[in-house]
2 protein chains.
Amino acid sequence: MFKVNENFLKLPEAYLFSEIARRIGAYTEANPGADIIRLGIGDVTSPLCPAVIDALHKAVDEEASGSTFHGYGPEQGYGFLTSLIAEHDYRRRGIAMDEDEIFVSDGAKSDTGNIGDILSAAGSVALTDPVYPVYHDTNVMAGRRIQTLPCTEANGFVPELPSARPDIVYLCYPNNPTGTVLTRPQLKMWVDYCRREGTLLLFDAAYEAYVTDPDVPRSVYEIEGARETAIEFRSYSKTAGFTGIRLGYTVVPKELCGADGNGGRVALNPLWRRRHPTKINGATFLIQRAAPAHYTPEGAAQSGEIIKGYLGNAALIREGLGRAGYKCWGGTDSPYVWVKTPDGLSSWEFFNLLLTQCQVAGTPGCGFGPSGEGYLRLTAFNTPVQTRRAIERIARLF
Amino acid sequence: MFKVNENFLKLPEAYLFSEIARRIGAYTEANPGADIIRLGIGDVTSPLCPAVIDALHKAVDEEASGSTFHGYGPEQGYGFLTSLIAEHDYRRRGIAMDEDEIFVSDGAKSDTGNIGDILSAAGSVALTDPVYPVYHDTNVMAGRRIQTLPCTEANGFVPELPSARPDIVYLCYPNNPTGTVLTRPQLKMWVDYCRREGTLLLFDAAYEAYVTDPDVPRSVYEIEGARETAIEFRSYSKTAGFTGIRLGYTVVPKELCGADGNGGRVALNPLWRRRHPTKINGATFLIQRAAPAHYTPEGAAQSGEIIKGYLGNAALIREGLGRAGYKCWGGTDSPYVWVKTPDGLSSWEFFNLLLTQCQVAGTPGCGFGPSGEGYLRLTAFNTPVQTRRAIERIARLF
């Protein structure tokens, strides 16, 4: 009998969001008409901006005519998009970038998992705790050894350097789930460490559009030497509301090398380039046509307004809960607010309390790892009106 | 220094289509204005049908309003689509199918490679020769041992059962690149073999819409017992012209089990279900909204006409070359025609001859594996006018 990948049997059940949905479902069944406000899931709620909608309609019309129809495209992304990314997201911010270092995909989730394909499965991985579960689960699937870097109130949710050298480290800043950021010196410490130790830094910048503080880097490549040690993941999900239509990209600088079994240097850019035509057929043409609208003055202004709205919600949460006596982190350069549970309640106890007493749904911090116990994540992805109502309810709780 | 996946260093250069493009480029540069007819690449040329275009515009409008906006969807596909697939593609053809056995993705290429994630990398794989390179390359990346099953004129391009039992076998019928098919008894022989030997059958049915012969199965599940041994891959690329907008699905029946290290049975359906939310975030909402149009009477009629057109082209190629004295296979239930090179020419020699003497671009058979040497693949994905002109030119060659 053929054998399965037994690493899958070591995975935790993907229970977090289904368990949340189950508890909310049970509550609404017992309390029909309950006016539940959802600040739990990390999904945008604003519709796509008009510039993107226009671009999508035009792209659909292109697919309706034989003379403008696009079938298979370049697997690594159309040049009309990679050139805009290199120019707007990097060069205009003073970061050198070639178009052929940019690989367009259907999103950062896919890429943060798939990147493991080009890396040895025998390597070790360091992950923050709490962490976005995708980094953890995809590396369990691949069979890599995992060490965790606790992020706690004591270290300000900024991980300390590992005691044992890992082959790979994932960092996500602005962070999901804590909403905290790294300053330039803090990120530099990590880049320097990775260069020194021959560790690959996988930097998830999915939330960079939320950074307003000039001392907080939006790209790992703002740090000198990062091109030799880091891959960066970007997403249009939280930047332009593309969660449902899917688009992201990954940057693999040409300088970046790993080792083969004999210690010879192997550049990663050609490996990732080789993977694309073999394992994906490129991101949907329509969505690649939509992304450039995000780089026009109108599109940039429109998505900027949406992000400003979400950041306003984050401020409502952070400040409202702060006034009510809660300890909170994040929410200034991030859509996430990390709330310490009151009175030593567990994450699930606080979740239940908010659900049943305030009809507000959050996400229990323990779902992101053991160090998330005693915390709850609230997200800014609702409307200002609903966010304000939710915070008023929570503020009246005690 | 962190290590790369050394299996990538064993991959053949992905040279085939780039080498073809290079040779065509060199020829057109030396012969400006050359009227080259492309029968090489397996990409559709007809635009999307009106029913699909309408559905896409409507879906774009849904994304423009907060009340109808769709963000993250179910990672395994929306129920509005999986229910249609189960009903139209299976139950109406007399095949039992539950919706939760269907997993929507961005295409069959991704899935035929990614399926390896849930299987032991220590297993062995049997592949036909010639073969769609994706099966080969993704299994090299994973480090699996590969045995080849030669498909030749002598066996009618239907592989014989392996001499040594493989853990996994890939079959693609109607076949890419040979255009040949399996009859029901031939496919039954494989299903019976796989059940008996505990081999997983990965059946790529990307070209099922081209089957017109009632004795040729369109789904592996037409064969009794296939649910216990086979996974099926389907694509909207060649069925509805979705090559550029990307959509496919994979069927993993609930009965289908592999073994863990102790010989215990492990169902594959939950493993693949667990992979989706971890490694993909679902296929683009817009495209999932477009696919149902393909199942309406209008949409089905419109895509049916397009396929009829391509099959007409295939007949032009097959019959035209046959009259000119060429030996051809395929092209009756497939968009591909497999042409034996004349006078013992190699694949590349015949390719060059067609390019320089007829200004027709094909694909050298040797690019699909050693048994493809001495053959050339022509595709039906051009217009009838251009296809006819190309064949007239080739017929005049000798």
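How many bridges pair strand S7 (residues 230-235) of chain B with strand S8 (residues 248-251) of chain B, and in which sense? The two strands pair in the antiparallel sense over 4 bridges.

## Basis of the model

This is a predicted model, in which local features need pLDDT of at least 70 and side-chain atom pairs count only at pLDDT 80 or more, while totals for chains, interfaces and linings use all residues. Residues are numbered from 1 along each chain as its sequence is written, chains are lettered from A and ligands numbered from 1 in the order in which they are written, and side-chain values use heavy atoms, with hydrogens and water left out.

Helices (H or I, at least four residues) and strands (E, at least two) are DSSP runs, numbered from the N terminus. Two strands count as paired if DSSP finds at least two bridges between them.

## The seven-stranded sheet of chain B

In chain B, 7 strands form an open sheet with mixed pairing, in the order S2-S8-S7-S6-S5-S3-S4. Strand S2 (102-105) and strand S4 (145-150) of chain B each have a single partner strand, so one side of each has no neighbour in the sheet. Neighbouring strands are turned by 20 degrees against each other on average, direction ignored. Axes here are lines fitted to C-alpha atoms, for helices over the stretch in contact, and angles run from 0 to 180 degrees between N-to-C directions.

Contact means heavy atoms within 4.5 Å. Helix H8 (residues 268-279) of chain B lies across S2, S6, S7 and S8 of chain B and runs at about 30 degrees to S2(B).

## Strand S15 of chain B

Strand S12 (residues 336-340) of chain B pairs with S15(B) in the antiparallel sense over 5 bridges, with Leu378(B) as the bridge partner of Val337(B). Strand S14 (residues 363-364) of chain B also runs antiparallel to S15(B), joined by 2 bridges; here Arg377(B) is the bridge partner of Thr363(B).

## The four-stranded sheet of chain A

Chain A has an open sheet of 4 strands with antiparallel pairing, in the order S11-S12-S15-S14. Its edge strands, S11 (328-330) and S14 (363-364) of chain A, each pair on one side only. S11(A) and strand S12 (residues 336-340) of chain A are joined over 3 bridges, and Cys328(A) stands opposite Val339(A) in S12(A). Helix H10 (residues 297-323) of chain A packs on the sheet and touches S11, S12 and strand S15 (375-379) of chain A, its direction making about 15 degrees with that of S12(A).

## How the copies are related

Chain B can be laid on chain A with an RMSD of 0.0 Å by a turn of 180 degrees and a shift of 0.0 Å along the axis. The superposition is by least squares on the C-alpha atoms of residues with pLDDT of at least 70 in both copies. The two copies are therefore related as by a two-fold rotation axis. In chain B, the C-alpha nearest the axis belongs to His57(B), 3.1 Å from it.
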